Amino acid sequence: MLKKITTVASVVLLSALTACGSGGGAETGSTGGTITMGFAQVGAESGWRTANTKSIQDEAKAAGIELKFSDAQQKQENQIKAIRSYIQQKVSVIAFSPVVETGWDTVLLEAKRANIPVILTDRSIDSDDTSLYKTFLGSDFVEEGRKAGDWLVANTSGPTNVVELQGTTGAAPAIDRKKGFEEKIASKPDIKVVASQTGDFTRSGGKQVMEAFLKSQPKIDVVYAHNDDMGLGAIEAIKAAGKVPGKDIRIITVDAVKDGMQALANGEINFIVECNPLLGKQLMELAKKVVAGEQVPERVVTEEGTFTQEQAKTVLPQRQY
Amino acid sequence: MKNRLLWPLLALVALLLLNLAVTPSFFALRMQDGHLYGGLVDVLKNGAPTLLIALGMTLVIATRGIDLSVGAVAAIAGAVTCVHIGTSGSAATAFAGMALALVLCAVLGLWNGFLVAGLGIQPIIATLVLMTAGRGVAMLVTEGQIVTVNNTAYRQVGAGFVVLPVSILIALLVLGLVAFATRRTALGMLIEAVGVNPEASRLAGVRSRTIIWTVYVFAAVCAGIAGLMISSNVSAADANNAGLWIEMDAILAVVIGGTSLAGGRYSLTGTLIGALIIQTLTTTVYTIGVAPEVTLVFKAIVVIAVCLVQAPKARAALSFRKVAVPS
């Protein structure tokens, strides 16, 4: 009996939800035709990226935007191919997260000539010609680095030796998170970055580099990892060295994916700066404005915060990714 | 052969001494929670997957072949095991998952062998198929996510210790088995014969096809075990990055060890030294603090140097100087 009631209830709920969805669709329809968006994603390399993809797909549906989605598997040539095919299909707007910073001028010029507006998400490009894209929606990586630095400055006293696990060499988040962090800790000469190496944003990379650091550095107080995964690898290495992560060696990371938040709640990570992948809603709003020919700011920053161990415990159950 | 191994061995010693010079405590070993702990132990532990894959690669290269799919196969092994384990913490599930993964890897090896020996496709093309497709399969298995597991039994494979890291013990065990099977029986000679001339060997009564088939299956199983180590080391399966470019490291290890890519002769000891050089190189970069921007250049210089000193012309020039200096 109870089962029946819940089934009925869920059916009612579902139909209510779809009603909401179609309502939204009708709304955009009235503002002039259906918008088609071509989105060229980097890949599916992490939980973060998957959440990013899902957010874009869900919000496109909710906003009544027809989404053409492609996965570049971390290769620039695939992304360029995808963008070219979107131009041929004459989509209303192209959005993409550039795999690397450079080499986009030609293909974006083609889009410009075809009068298709381009929105960058999550990562920026390095080009002198800012007319190639309408706006860049994404996190401010330098700001993320600053937040991490601020927390360390506020939560440390006396000489502090920091080791840094950098992201993929040359990637924008790696460069900027390093820059922002260094900017803030410069105010406190006691805090020193004694070693800094790339862990390629992966767990095994983070673990291997941390193992080497633990042997070559006589004293490590803090690990600053450019993403959660490398931080999680470092935790393993610290444990193997017979030290307690979060206590003997404090850990700061960036991202706030589920595994990272879990470790934060468990007390193995001390502080996480959020890098929010759920930018679908903001992206769809921007897309509508751009297609309608409205002015949009050149830079839109996603909304994101920071988490301490206590905060992680309270928000963990509702995290979507 | 002894002489040929001298240079790679010297390169390895030079790298280790470089570490010692920069970090005096590099050779320091101590017991930590009942296992050895130190820089050298890390080299062994992290080098085990490369060594295993290089072992399989040595035999494949000895038959004049090459296997580019090992990295993808490693990723599949980790993915299948982690997905099978899921949230379970039981040792039985872990072993079942690992067995399942290794059987699957053997099947993938059969596929490679079928393409090379059965259909006669060039090995580099045949294994390229699985190199590309395999990572896709791994992604499909994990649904593009990093699958995290929490299983004590599974952790042992890559991160566990029995005084020494379990991973290097497994790798050395396999090395011992291969050395026994190919150097104490006729198998090694048959493999070399196939590598020198498959057609002539077939006419002489050697089952060339079966031999080629066997080495590809062996390479895939080695890759599978290595994949288990890589994934177990961090208790997670990362379909995108697990074993990425490890085929290149493995080929390099084989070549540094003095095995010719033209097939025929091979050296297992050489491969062991080659794999150790590659891992020591990586560890060195971290220990002496080479800036990430120049890491690849640093590695390239060392590899070029090691390969150059093995080239007959360069060696002739070097030995000439040795004679010339005292006079």
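Helix 2 of chain B, residues 39-62, has 24 residues and spans 33 Å from its first C-alpha to its last, close to the 34 Å expected at 1.5 Å a residue. The expected span is 1.5 Å times one less than the number of residues; helices (H or I, at least four residues) and strands (E, at least two) are DSSP runs, numbered from the N terminus. The model is predicted: local features need pLDDT of at least 70, side-chain atom pairs count only at pLDDT 80 or more, and totals for chains, interfaces and linings use all residues. Residues are numbered from 1 along each chain as its sequence is written, and chains are lettered from A and ligands numbered from 1 in the order in which they are written.

**Helix 2 of chain B**
- The helix bends by about 45 degrees at Ala48(B), and Pro49(B) follows within four residues; the bend is the angle between axes fitted to the seven residues ending at a residue and the seven starting there.
- Because 23 of its 24 residues are buried, helix 2 of chain B is largely enclosed by the rest of the structure (buried: 20 or more other C-beta atoms, placed from the backbone, within 10 Å of the residue's own).
- Arg64(B), with a positive phi near 75 degrees, follows the helix.

**Contact between chains A and B**
- Chain A contributes 27 residues and chain B 29 residues (contact: C-beta atoms, placed from the backbone, within 7 Å).
- On the side of chain A that touches chain B, helix 7 of chain A gives the most, with ten residues.

**Domains of chain A**
- An automatic or database assignment gives domain 1 (34-139 + 277-304) and domain 2 (141-275).
- Their centres, taken over C-alpha atoms, are 30 Å apart.

Conventions. A residue is buried if 20 or more other C-beta atoms lie within 10 Å of its own, exposed if 12 or fewer, and partly exposed in between; C-beta atoms are placed from the backbone. Two residues are in contact if their C-beta atoms, placed from the backbone, lie within 7 Å.
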